[in-house]
Amino acid sequence: MTEETMDEADMLKWAKAYAHKQGFLLNTEEKQLNTVIKGLVRNKNKFGRPYCPCRLRSGDEEKDRAIECPCAYHKEEIATQGQCHCNLYFKGT
Ligand code: SF4
């Protein structure tokens with residue numbers, strides 16, 4: 001992701017494009033989806049990176065790269081549980 005400020009529409013567009021590329025689906029529960037999108041926007045604009053809103057940052061940039069969305073864990077979570085920890089991405093049909 002780039003360094004410029006993002007709004008929720010930009011983030012949703014980005015998440016949709018990523019889901020499409022990977023064959024994932026976005027959460028169909030609009031309220032839950034919007035909460036995660038808002039959290040990602042907040043982190044992106046506050047810290048410069050779209051850190052996962054459902055995980056704790058350590059404050060160490062190097063370590064926290066793993067929790068930058070799409071995080072290092074999402075593919076395994078989606079494969080084993082059907083969705084990522086935040087319920088942003090779901091396994092495609
Ligand atoms: S758990 Fe989902 S929303 Fe959170 S960083 Fe990973 S992919 Fe993104």
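Let's start at the end of a helix: Gly23 follows H1 and has a positive phi, near 80°. Helices here are DSSP runs of H or I with at least four residues, strands are runs of E with at least two, and both are numbered from the N terminus.

Some ground rules. This is a predicted model, where local features need pLDDT of at least 70, side-chain atom pairs count only at pLDDT 80 or more, and totals for chains, interfaces and linings use all residues. Numbering starts from 1 along each chain as its sequence is written.

Back to H1, residues 8-22. Its 15 residues should span 21 Å at 1.5 Å a residue, and the end C-alpha atoms are 21 Å apart, so the two agree. The expected span is 1.5 Å times one less than the number of residues.

Next, packing. The axes of H1 and H2 (residues 30-47) come within 9 Å and cross at roughly 110°. Axes are lines fitted to C-alpha atoms, for helices over the stretch in contact, with angles from 0 to 180 degrees between N-to-C directions. H1 is therefore roughly perpendicular to H2, a label for 65 to 115 degrees.

Who makes the contact? From H1, Glu8, Met11, Leu12 and Ala15; from H2, Ile37, Lys38, Leu40 and Val41. Contact means C-beta atoms, placed from the backbone, within 7 Å.

Now the ligand. Of the 13 residues around it, Cys52, Cys69, Cys71, Cys84 and Cys86 come nearest. Here the C-beta atom, placed from the backbone, must lie within 6 Å.

Most residues other than glycine have a negative phi, and most peptide bonds are trans. Cys69 and Pro70 are joined by a cis peptide bond, omega about 0°. Pro70 sits in the loop between H3 (61-64) and H4 (74-81). Asn87 has a positive phi, near 60°. Its loop runs between H4 and strand S2 (89-91).

How values were computed: Parallel < 35°, antiparallel > 145°, perpendicular 65-115°, else oblique. Contact = placed C-beta atoms within 7 Å.
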